[in-house]
Amino acid sequence: MKTLIIIVWCITFGCVTISSATTVKGKVVSSGNPIPSVQVTDGKSIVLTDKRGNFTLETFSGSKYIYYSLPSGYNSPLENGIPVFYEKINNNSLIQRVNFELEKSKVSQYKHVFILWADPQIQKLEEFDKLKIVVEDVNKTIATIPSRVPVHAICAGDLVFDKLSFFEKYKQVISALKVPFYQVIGNHDLDYNNRSDELSDKSFSDAFGPSHFSFNVGKIHYVVLKNVFYYGLSRRYIGYIDENQLQWLENDLHFLKPGSTLIVSLHIPTVYGESQKPESFLVEMSNSLLNREALYEIFEPFNTHILAGHSHTQWHTQVKPNIMEHVHAAASGAWWKGQICTDGSPQAYTVYEVNGDSVNWYFKGVNLNKSEQFKVYKTGADSLLPDCFLANVYNFDSDWKVYWYEGDILQGEMERYWGKDPDAFMLYRPGVARKNSWINASETNHLFKAVPHIKNSKIRVEVIDRFGNKYSKALE
């Protein structure tokens with residue numbers, strides 16, 4: 001009788017199909033050997049594999065993928081350099097079987113290196129040839145790393161410039177790196193033709209898998225988050241992490257020992273820092289993370305490094321004593337319209353060297369020597385500072401020192417200030433790039449100035465980074 005009533009109701013009024021959750025069962029193994037205590041998730045809830053490597057997960061309705069957090073000491077299979085640690089959930093099945101095969105690392109991961117670039121942002125096919133030059137430079141850097149030190153890479157978003165059909169070509173180009181390359185979704189990687197944020201990562205996920213996930217290498221726990229929130233108007237977004245991700249993140253970090261080092265990659269910086277003050281709250285909404293305090297609270301027990309892109313500029317912010325944010329210059333420079341970013345930093349990537357739970361890093365300009373950490377300008381290079389010579393120290397943070405010498409005599413530290421890099425100001429000044437009039441030099445606070453005591457004297461600038469490395473340049 002109940003069935004008959006339902007049939008009559010459907011014929012009369014029409015029926016809405018409600019998708020049911022799928023129960024996924026499987027195991028995680030390596031060469032047939034079970035791997036216990038591996039986190040398996042559908043992006044919402046998390047379970048651990050048992051001692052036989054088995055897991056059972058009651059997925060949530062609407063979940064797209066079943067995937068694992070790569071355990072330390074193992075590697076995921078690669079396709080075109082992209083780690084494949086996931087499988088699509090068959091939402092038409094009540095029960096699904098999924099087995100994951102991992103490869104045990106042949107070398108210790110205690111020491112390892114990862115390379116981060118941001119904003120390759122390909123808009124035209126011919127720009128892939130320019131990206132290949134960046135890939136070649138990264139390969140040269142990788143070649144300098146001892147063979148027994150494992151390497152992986154992360155892109156901090158904006159893989160393409162709204163050309164989602166380029167994802168496959170992008171994968172082909174970066175596969176030349178031959179290292180695991182994890183991808184973060186950026187605002188230019190979204191499906192803006194879909195009606196909600198929940199559907200905005202479809203093309204990205206089809207190409208690269210889940211848009212939030214975690215993995216482990218050595219003693220370091222890595223997390224990737226989607227913090228670009230599309231609110232339904234064409235190409236409009238804010239920096240925001242939804243509640244589902246926050247809950248998933250809390251569950252993910254529940255298994256991490258307090259005091260551990262945590263590396264978190266996302267696209268939009270949590271703190272606005274391109275200039276002294278945002279032009280408006282609307283600008284801040286799309287250039288910083290609006291609910292950042294909720295994220296910081298979750299990170300409280302850990303030594304956290306946040307890695308971001310988005311701005312096409314380089315800077316660091318000590319958010320809290322345990323949280324440092326690194327914002328990365330673009331691999332594309334100024335959207336492939338110039339080889340320097342809008343803050344004067346060269347197109348670049350950053351090399352992070354991990355030893356146990358400690359992390360060092362250095363800035364690497366594309367086709368530049370590792371020692372090229374800053375540039376100097378003669379007196380009068382900036383018309384607003386006619387009596388000053390200048391230095392732009394790309395990777396500066398508060399633990400760096402910038403000294404100047406006159407006639408080989410130390411004169412003290414140069415004065416840090418907010419301003420525009422003279423080269424960037426000239427290259428991107430209004431009227432120069434008419435087809436790209438939205439590109440302008442941006443203010444930065446990794447600029448330094450000093451006034452010589454003697455006209456035409458011999459001037460040298462010495463920079464010491466937070467790790468004690470010294471770099472020196474003389475004014476020619």
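Modeller: One term before the pairs: a residue counts as exposed when its relative accessible area is over 50%, and as buried when that area is under 20%. Also keep in mind that this is a predicted model.

Biologist: Fine. Which residue forms a salt bridge with lysine 458?

Modeller: Aspartate 408 does, and the closest N and O atoms are 3.8 Å apart. Lysine 458 sits in the loop between strands S31 and S32, while aspartate 408 sits in the loop between S28 and S29, so the bridge ties together parts that are 50 residues apart in sequence.

Biologist: Are lysine 458 and aspartate 408 buried or exposed?

Modeller: Both of them are exposed.

Biologist: And lysine 375 with aspartate 421, buried or exposed?

Modeller: Both lysine 375 and aspartate 421 are buried. They form a salt bridge too, with 3.4 Å between the closest N and O atoms. Lysine 375 belongs to strand S26 (residues 374-377), and aspartate 421 is in the loop between strand S30 and helix H8, so this pair joins parts 46 residues apart in sequence.

Biologist: How many salt bridges are there in the whole structure?

Modeller: A search of the whole structure gives 18. One of them is between aspartate 201 and lysine 64, where the closest N and O atoms are 2.5 Å apart. Aspartate 201 is in the loop between S15 and H4, and lysine 64 is in the loop between strand S5 (54-58) and strand S6 (65-68), so the two tie together parts 137 residues apart in sequence.

Biologist: How accessible are aspartate 201 and lysine 64?

Modeller: Aspartate 201 counts as buried because its relative accessibility is 8%. Lysine 64 is at 35%, so it counts as partly exposed.

Biologist: Which residues are linked in a network of salt bridges?

Modeller: Lys88, Lys202 and Asp206 are linked that way.

Biologist: What lines the largest cavity?

Modeller: The lining consists of Ile82, Pro83, Phe85, Phe181, Tyr182, Gln183, Phe204, Phe208, Pro210 and Phe213. Strand S9 (82-83), strand S15 (181-183) and helix H4 (202-208) are the elements that each give two or more residues to it. S15 has the largest share, with three residues.

Biologist: How does the lining split by class?

Modeller: Nine of the lining residues are nonpolar, one is polar and none is charged.

Biologist: What about the surface: which residues make a nonpolar patch?

Modeller: Tyr240, Phe281 and Leu290 make one of about 280 Å². Phenylalanine 281 is in helix H6, which covers residues 281-287. With a relative accessible area of 54%, phenylalanine 281 is exposed.

Biologist: Backbone next. Which residue has a positive phi of about 70 degrees although it is not a glycine?

Modeller: Aspartate 162. Aspartate 162 is in the loop between strand S14 (151-155) and helix H3 (167-174), and it is partly exposed at 26% relative accessible area. Histidine 310 is also not a glycine and has a positive phi, of about 80 degrees.

Biologist: Where is histidine 310?

Modeller: In the loop between strand S21 (303-308) and strand S22 (315-320). Histidine 310 is buried, with a relative accessible area of 10%.

Biologist: Last topic, contacts across the chain. What separates the C-alpha atoms of aspartate 119 and serine 332?

Modeller: A distance of 6.4 Å, with the two residues 213 apart along the chain. Aspartate 119 is in the loop between strand S13 (111-117) and helix H2 (127-143). Its relative accessible area is 0%, so aspartate 119 is buried.

Biologist: And leucine 256, where is it?

Modeller: In the loop between helix H5 (243-253) and strand S20 (261-265). Leucine 256 is buried, with a relative accessible area of 14%. The C-alpha atoms of leucine 256 and proline 301 are 9.4 Å apart, and the residues are separated by 45 positions along the chain.

Definitions and conventions. Residues are numbered from 1 along each chain as its sequence is written. This is a predicted model: local features need pLDDT of at least 70, side-chain atom pairs count only at pLDDT 80 or more; totals for chains, interfaces and linings use all residues. Side-chain values use heavy atoms; hydrogens and water are left out. On a 1 Å grid over the protein atoms alone, a cavity is a set of points where a 1.4 Å probe fits but cannot get out, and a pocket is an open set with protein on both sides within 12 Å along at least five of seven lines; lining residues have an atom within 4 Å of a point. Helices (H or I, at least four residues) and strands (E, at least two) are DSSP runs, numbered from the N terminus. Ala, Val, Leu, Ile, Met, Phe, Trp, Tyr, Cys and Pro count as nonpolar, Asp, Glu, Lys and Arg as charged, and the others, Gly among them, as polar. Patches are made of residues with over 30% relative accessible area and no salt bridge: like charges are joined within 9 Å, nonpolar side chains (Val, Leu, Ile, Met, Phe, Trp, Tyr) within 5 Å. Accessible areas come from the Shrake-Rupley method with a 1.4 Å probe; for residues, only the protein chains shown count as cover. A salt bridge is a side-chain nitrogen of Lys or Arg within 4 Å of a carboxyl oxygen of Asp or Glu. Buried means under 20% relative accessible area, exposed over 50%, partly exposed in between (1.4 Å probe, protein chains only).
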